[in-house]
Amino acid sequence: MHLIATVSVLLVSDIELSRLFYQTVLSCEDIDGILYRDDCGLAIKLVQAEKIEDVKPNRNLWNVFSYVEDEERLDILFKEAKLHGALFAYYPKESVIEGERLKEFAIRDLDGYLIGFGTTIHS
């Protein structure tokens with residue numbers, strides 16, 4: 001396992017339920033309070049909100065995006081998330097951004113944060 005430098009910080013309504021969600025649905029490992037998944041470079045620090053109204057996820061933009069190595073790894077992540085009961089914001093889809101073909105999907109966590117996963121399609 002290697003550690004990455006970028007960690008997303010999310011203010012959550014229930015830190016224990018959120019931690020369980022990331023460990024169960026996305027198979028993250030808790031390393032010194034950071035939920036981490038090495039194969040897609042996902043690293044999230046959860047912070048307990050003092051008031052529920054302080055939790056304000058983006059509704060139409062990713063709160064966290066994880067760039068995945070290749071399409072095969074992305075498909076595996078999608079199948080695992082589906083198997084573990086993820087709530088999908090959208091299923092895998094292809095798009096073209098600045099002339100580059102991409103494939104991505106996104107899930108929502110317990111507080112509604114949008115967590116995206118994507119890769120470049122090489123063909």
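The count comes to 8 aromatic pairs, where rings of Phe, Tyr and Trp (its six-membered ring) pair if their centres lie within 6.5 Å, and planes under 30 degrees apart count as stacked, over 60 as edge-to-face and the rest as tilted. One of them joins phenylalanine 21 and tyrosine 22: the ring centres are 5.1 Å apart and the planes stand at 90°, so the pair is edge-to-face. Both residues are buried (under 20% relative accessible area; exposed is over 50%, partly exposed in between, with a 1.4 Å probe and protein chains only).

This is a predicted model, in which local features need pLDDT of at least 70, side-chain atom pairs count only at pLDDT 80 or more, and totals for chains, interfaces and linings use all residues. Residues are numbered from 1 along each chain as its sequence is written, and side-chain values use heavy atoms, with hydrogens and water left out.

Phenylalanine 78 and tyrosine 91 also pair edge-to-face, at 5.7 Å centre to centre and 80° between the planes. Phenylalanine 78 lies in helix α2 (residues 71-83) and tyrosine 91 in strand β6 (residues 87-97), so this pair ties together parts 13 residues apart in sequence. Helices (H or I, at least four residues) and strands (E, at least two) are DSSP runs, numbered from the N terminus. Phenylalanine 78 is buried, at 13% relative accessibility. Ring pairs link Phe78, Phe88, Tyr91, Phe105 and Phe117 into a cluster.

Now the sheet. Four strands form an open sheet in the order β1-β4-β3-β2, with mixed pairing; two strands pair if DSSP finds at least two bridges between them. β1 (8-12) and β2 (29-31) stand at the edges with a single partner strand each, so one side of each has no neighbour in the sheet. Strands β3 (residues 34-37) and β4 (residues 42-48) pair antiparallel over 4 bridges. Leucine 35 has isoleucine 44 in β4 as its bridge partner.

Charged side chains come next. There are 8 salt bridges, each a side-chain nitrogen of Lys or Arg within 4 Å of a carboxyl oxygen of Asp or Glu. Arginine 19 and glutamate 16 form one at 2.9 Å, N to O. Both lie in helix α1, 3 residues apart, about one turn of the helix. Arginine 19 is buried at 19% relative accessibility, whereas glutamate 16 is exposed at 52%.

Lysine 103 forms a salt bridge with glutamate 71, the closest N and O atoms being 3.3 Å apart. Lysine 103 lies in strand β7 (residues 100-108) and glutamate 71 in helix α2, so the pair ties together parts 32 residues apart in sequence.
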